Every structure is written in structure tokens, then in C-alpha cells.
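I set out to record what I looked up in this structure, entry by entry.

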Amino acid sequence: MSGAREATARIGRPADPATPPRRPRTRLPGPRPADTAAAAAAPGTGITGTSGVGPRITVPRPDTPAPGPGAAPDPGSWSNDPYSRALRTGRGPLFLRRADGWLLPLDVERWCAEADAVDLAVLRRCEGAVLDVGCGPGRLVAALGALGRPVLGIDVSAAAVARTNRLGGQALRRSVFESLPGEGRWGTALLIDGNVGIGGEPQALLDRTAQLLDTNGLLIAETVPGPDVDERVRVRVTDARGAVGSPFPWARVGTPALLRLAERAGWRAVDQWAAGGRCFVALRRCDARSTNSSAEPPNNAAVTSSQRAG
């Protein structure tokens with residue numbers, strides 16, 4: 001899980017403390033005129049990438065929060081709380097705690113380990129350049145880079161961004177509701193590890209994600225397994241010692257609820273599946289064209305069961 005209130009459930013093995021060498025920087029979606037102007041105004045001040053054609057864009061330094069449109073959550077509670085400490089060590093136990101005392105375990109060790117078989121099956125469905133929303137400690141960003149896929153992670157946690165960068169990935173300390181590089185040109189957006197709950201209002205998150213993707217872009221979201229779940233709560237991150245972070249809004253959404261929300265928000269389901277006790281949905285905008293002359297052809301793995309019932 002991960003950032004703008006971007007975190008939610010794991011437990012596996014501690015991360016390898018060794019720091020791997022950095023991979024070459026990846027190529028990000030090409031700029032709009034505003035992106036070009038920003039790059040010209042601040043040459044050499046950040047990570048840069050190019051689209052296959054067109055001028056370079058500048059990705060700001062990963063530790064620099066930036067203001068932008070929308071109501072971006074305050075990242076303070078993700079900077080000095082038990083979540084940040086857990087990411088630095090790669091160990092739990094860690095929980096989301098509701099006001100009524102209910103605890104949701106966070107699978108920190110799995111987040112901090114390498115991508116597993118379930119993760120890799122999800123990543124093989126990705127198309128074009130990938131935006132990992134709430135990238136956490138960066139296992140998916142690192143795995144996508146190893147697969148040769150252009151990828152950028154965003155997270156409001158400084159500890160998450162730092163760990164992702166140590167893995168050789170590109171990540172920004174940024175809320176999904178703030179201004180982001182390549183808006184409207186990402187091929188795939190990921191909301192994995194419960195990150196469909198970011199901001200506490202999935203409808204607003206779906207609307208924002210639509211602004212980030214290109215015309216035929218793909219959204220892959222992980223949902224809550226089991227009975228139909230659709231709840232909006234305020235939670236805190238807490239550890240086994242009782243340390244707690246600041247409260248923030250969160251949402252828990254199962255597949256049926258997400259499909260209902262997606263339909264109202266102008267998305268269509270192209271696939272849904274379960275693996276390793278986890279559930280996923282792939283979505284496209286209802287007005288997406290079946291082909292796009294400037295985009296990568298749709299990945300067949302993302303549409304194999306598009307007519308499956310909810």
C-alpha cells in the first residue's frame with residue numbers, strides 16, 4: 001500500500017538491506033506545452049525523461065511536495081508515524097485502526113519484499129508508461145523497471161519515496177490529487193494494495209485517475225476480497241507498541257462496489273480476477289477508442305474476460 005493515505009495490508013519477509021545499483025532512468029509520457037515551459041524554466045533541476053518523440057519533461061526532485069489542483073491530503077502523518085518507521089526497517093506489525101478500535105493488518109513485509117507471482121501477473125497486463133499511485137516502498141516500480149516498462153511511482157510518504165529510489169526506481173513525493181507529470185498521457189494507472197481507498201472517496205479518485213490516463217488508458221485496481229464491502233472511514237496507522245499516526249480518510253471497496261462506482265463515473269470493466277487471496281479489476285473509460293494511433297495496442301491479458309459477471 002502506500003501513500004496519500006496510501007497504505008493497506010501485508011506481512012511476509014524483511015527486505016534485503018543491501019542497496020542494489022540504480023537502473024537507467026525511464027522514458028515518461030511526452031509533455032503538453034505547460035510541461036515544456038516548466039522544463040525550460042528549471043533545466044537540470046530534477047529527473048528528466050522523454051516520450052518517444054517531442055521535447056523533454058522535467059520530473060521534480062522526489063522529496064519536493066508540489067501544490068496542485070484538488071484537495072490534496074496533508075502528507076504530514078505519513079512522514080513521522082509508525083508507517084514511515086516500518087518502511088525504513090521493512091518490518092511490521094502495522095495496522096490501520098478505526099475509531100471503534102477495529103484493526104486492519106498492513107502487510108509491510110510483503111510490500112518491502114520483491115514483487116511476487118501475483119504482482120508479476122498484474123504487471124504483465126500493463127500498457128504503455130505506468131503510474132503507480134501510492135507506490136509505497138517501490139516493489140512494483142522496481143519490477144516494472146526490470147521488465148523494461150516506463151514507470152513512475154508517487155506517494156506522500158517520504159520514507160516510501162526514498163526506499164523506491166534506493167531500489168533504482170523513479171518516484172515523487174506527491175499526492176495523486178496534486179499536479180503530476182504526463183497528465184492525460186499515462187498508459188496504465190495502478191491502485192494496488194488497497195490504494196483504491198486513497199482520500200476516502202473512491203468516486204473522486206476514479207475521476208482524478210481518468211484525468212491522468214490517455215484516451216485508451218487502463219486502470220488496474222485491487223479490491224477487498226470476500227463479501228461486498230463499501231465503507232468510508234477515518235483511520236490511523238498504529239503499531240504493536242501503540243504508537244499512532246494522525247487520522248486520515250480511507251475507503252475499503254470490494255469488487256461489486258467498485259464496479260458500481262466505476263459505471264457511474266464513466267468507466268467500463270474489461271476484466272476481474274482473483275489470485276493468491278487477492279482480487280483485482282481492470283477498467284477503461286467508456287468513451288475509450290478501441291485503437292489509438294499514438295498509443296500502444298491494448299494488452300490482451302487485460303481484456304480476456306471482459307464480459308464476466310460482477
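This is a predicted model: local features need pLDDT of at least 70, side-chain atom pairs count only at pLDDT 80 or more; totals for chains, interfaces and linings use all residues.

Entry 1, cysteines. I searched the whole structure for disulfides and found 0; the criterion is a pair of cysteine sulfur atoms within 2.5 Å. A disulfide is a covalent bond between the sulfur atoms of two cysteines. I then looked up the accessibility of C126, which is buried at a relative accessible area of 0%. C286 is partly exposed at 46% relative accessibility. For these classes I used under 20% relative accessible area for buried, over 50% for exposed and the range in between for partly exposed, with a 1.4 Å probe and protein chains only.

Residues are numbered from 1 along each chain as its sequence is written, and side-chain values use heavy atoms, with hydrogens and water left out.

Entry 3, aromatic pairs. My search of the whole structure returned 3 aromatic pairs. Rings of Phe, Tyr and Trp (its six-membered ring) pair if their centres lie within 6.5 Å; planes under 30 degrees apart count as stacked, over 60 as edge-to-face and the rest as tilted. Y83 and W111 have ring centres 6.4 Å apart and planes at 75°, so I logged this pair as edge-to-face. The pair links distant parts of the chain, 28 residues apart: Y83 lies in helix α2 (residues 82–89) and W111 in helix α3 (residues 108–112). Helices are DSSP runs (H or I, at least four residues), numbered from the N terminus. Y83 is buried at 0% relative accessibility, and W111 is buried with a relative accessible area of 0%. I also recorded F248 and W250 as an edge-to-face pair, 6.1 Å centre to centre with 90° between the planes. F248 is buried at 1% relative accessibility, and W250 is buried at 1%.

Which ring face does R125 lie over? R125 lies over the face of W273, 3.5 Å from the ring centre. R285 lies over the face of W267, 5.3 Å from the ring centre. The criterion is NZ of Lys or CZ of Arg within 6 Å of the ring centre and within 35 degrees of the ring normal.

I found helix α5 (residues 139–146) mostly covered, with 6 of its 8 residues buried. The buried residues are R139, L140, V141, A142, A143 and L144. Just after α5, G148 takes a positive phi of about 80°.

Note on methods: Helices (H or I, at least four residues) and strands (E, at least two) are DSSP runs, numbered from the N terminus.
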